[in-house]
Amino acid sequence: MQQLEYQEKEEKIDLRKTISQYLYKWPWFVASVLVCVISAYIYLRYSVPKYQTKTTLKFDKKQNDLTSALSDLDNLGIGLGNSDELKSEAAVVTSRPILMRVVKNLNLNVEYFNIGEIKDSQLFTKVPISGEIITFDQGFVSSEYHLKKLKGDEFTLESEKYGKFSGKLNVPLKVDFGTIVLRRNLQFPVNPEYKIIFSNPIEKVKKLEKTIQVDLPDEKALLMDISLVGPVPQKSERVLDEVTRQYNLDGQRDKNLQAENTQKFIDKRLEVITRDLSGVENQKEDFQNRNRIVDLQAQAELALQNTSENTKMLLQQQAQLDLLNSLTSEAAKGNNQLMPSNLGLNPSLEQSIAQYNQLLISKNKTLKQATNENPAVIEMNREIASLKDIIRDNIREQKDAVKATISQLQNQITTSNNVIEKVPGQSKVYRGIERQQNLKEQLFLFLLQKREENAINLSVDVPKAKIVNPAFTNDIPVSPKRSIILMGGLFIGLLLPFAIFYVLFIIDDKIYNRDDIKARSGLGVLVDIPSLNEDDNHLVQKNDFSELAESFRVLVSNLKFVLPRKDSAKIIMVTSSVKGEGKTLVSVNLALTIANKNGRSLLIGSDIRNPQIQRYDSEPVKRKGLTEFLYDESVNVEDLIHTSYTNPYCDVIYAGTIPPNPQELLSNGRYQKLIAEMASRYAYIIIDSAPLMLVSDTLSIADVADATLYVVRSGVSRNVLIDFAEDLVKDSKLRNVSFVVNDVSRKARGYGYGYNYGYGYGYNNKETEKKWWNKIFKS
């Protein structure tokens, strides 16, 4: 039956094969998981656990709407205004000045350890020997010493780098970096050896800066969480307590410093304000003295009142003056007329006018009865004239008095007007002086009040932040986390071999079994030849039931479906891509297996450049072979044929002498003549040809073959060789090609198609005699 026509093979992913590749490596996965999990357990057993210690602070919010006398205390450092200030306070907590005081107060730059066989345990509270750095050199970072040979007060410090230093307790000791002193704590017993690490304080501060974490869980609630992760919970708690204490002390110092500065400022301002207030009061006194002012407002009102009254009096006097002027005119007249009376004038003048008018009336009455020469009339005229003179004199005197009064009133009015005119200017200046006085007095009283408030604030010891939760340590360590480490070990144990095998599988382009060929080619695979050890027999023997013999029996059976039906010999060419793939092994054992009493086989060594068949000859004697037949026509074929010592039904023609021109010999036609002559004498002719990828000799004789067995070696041949074979088939340089996979190990067969040769007959029990671990890790 002829082999089916070659078809292009589509590449596809074989998920089952891929998974099988990894499953077949299960011993490595198990071993990796065990190693990683055991390593994780050892790490957990001997690693130093670290615990998280945390404390919580709460800040008060400033109250800006206070109405009490101490409403301005929020300006003197008590409380926070908003969440932004809380963020700034988070930076203050881990500031270097505070951490430096923590380091110095707790002496954190000196650490003590108990020496253990595997790990050292740190001491903090129960320290029998305490150390202190008195001075240290510039550039000092840290130094480690072992405290040994403690006898009485004497001790010895040993350093791997600086040697030994001997000293006494409580006595300063000069070491490599500076001066230290060690002290004994009698409360605790002393071990033979301790480890002491001295560090520069600034280095411990840097470490605390990195390890202390400040979180703000709720900014609106003004809460702050301070946490520290360390191997010694007591030490972490002391550190956090000291940090909060120093933070509050720092805030108290800031508040007191601010209050003291405020006190100084207020005192200075009070001195200035007192001087200014005294100057304003003196200025006010001088102004009052200069202007003769007791009460400017009252004096201004009095001046207005006087002006009004004087004006009224002036009008009255002027009216009297006008009346007197009129009386003067009347008095100047020579006729005897009555004069006006009851005009509100001087009483004496009114009396004189009344006498005058009475006398004149009497005269007029007398004249009605007598003449002017009447003595009585004459006497009356004389008295009337006398009274009139008196009246004139009184009027004149009265006029002078009224004029004097008018002049006086006018002067008084002028004086009052001058006073009134000065009042606006004086009021302006006086109000300015009083305004300055009031301002200085108010400022003076305000500063006195603030001084009292500041004194109260200075005397009140209020912490900057309230400690809601003192430092406490969680019982469960934060590192190493046991479950995560173990799961990580398990995961790494699975991932590590998977990654290694994944990379190996990716970069591995070798062929291991028939499935690898089927994935890349549409050509058939006839058999898998099992892998052989060096001490195994490489030739199929008579009555042989080994895996090798069974595999070649399978090959012979499968060849019946490939070889054509013909009366002459069926010619099988065995080739490969490169040397070392096992084509000679396949050729020899195929010839030995296929030969029987019903049909002889002939093996022709056609690789005349590198003959290999003689390796399987028990008598390595130089014989004539194919080369001699090809270049010497006189050579008899019978002289070339040798019968195998392993199978008497198998004949062999060796390659012969290595010629200088093998290509010319194989293409001169003598080879085809030899095949034609031998085809009538044998049932099978096996041709052991040269590798196709190295030389073209095989292509010169490929036309004589009925079938071609293309040998690839498991774990050696690469995928590119399959592509090379396919190209030869596509170009019709080879025909009826089938693959034979050589040197297939049990492992390669395990996840491939595979065979299990031997059938349990026990003819090849060497593997069963091997140790179980050799079977597991066999490559």
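**Salt bridges and a helix contact**

Trainee: Arg553 is partly exposed, with a relative accessible area of 30%, in this predicted model. Which residue forms a salt bridge with Arg553?

Mentor: Side chains of opposite charge can pair when their charged atoms come close. For Arg553, the closest N and O atoms of the pair are 2.7 Å apart, and a salt bridge needs them within 4 Å. The partner is Glu550.

Trainee: How far apart along helix H12 are Glu550 and Arg553?

Mentor: Both residues lie in helix H12, which covers residues 547-559. Because Glu550 and Arg553 are three residues apart there, their separation along the helix is about one helical turn.

Trainee: Is Glu550 buried or exposed?

Mentor: The relative accessible area of Glu550 is 7%. Buried means under 20%, so Glu550 counts as buried.

Trainee: Which residue forms a salt bridge with Asp688?

Mentor: The closest N and O atoms of this salt bridge are 3.4 Å apart. The pair links distant parts of the chain, 105 residues apart, with Asp688 in strand S19 and its partner in helix H13.

Trainee: What is the N to O distance between Glu209 and Arg96?

Mentor: The side chains of Glu209 and Arg96 meet in a salt bridge. The pair links distant parts of the chain, with Glu209 in helix H5 and Arg96 in helix H4, 113 residues apart. Glu209 is partly exposed at 27%, and Arg96 is partly exposed at 38%. The N to O distance is 3.0 Å.

Trainee: At what angle do H4 and H5 pack?

Mentor: H4 passes H5 in a right-handed crossing. The axes of H4 and H5 are 9 Å apart, and the angle is about 115 degrees.

Trainee: Which residues of H4 make the contact with H5?

Mentor: On the H5 side, the contact includes Pro201, Ile202, Val205 and Glu209. By class, the contact has seven nonpolar, no polar and four charged residues. On the H4 side, the contact is made by Arg96, Leu99, Met100 and Val103.

Trainee: How many salt bridges does a search of the whole structure find?

Mentor: For the whole structure, the number of salt bridges found is 23.

How values were computed:
Residues numbered from 1 in each chain as written. Predicted model: local features only at pLDDT ≥ 70, side-chain atom pairs only at ≥ 80, totals over all residues. Heavy atoms only, no water. Helix = DSSP H or I, 4+ residues; strand = E, 2+ residues; numbered from the N terminus. Buried < 20%, exposed > 50% of the residue type's maximum accessible area, 1.4 Å probe, protein only. Axes fitted to C-alpha atoms, helices over the stretch in contact; angles between N-to-C directions. Left-handed = near helix turned anticlockwise from the far one by under 90°. Contact = heavy atoms within 4.5 Å. Nonpolar A, V, L, I, M, F, W, Y, C, P; charged D, E, K, R; others polar.
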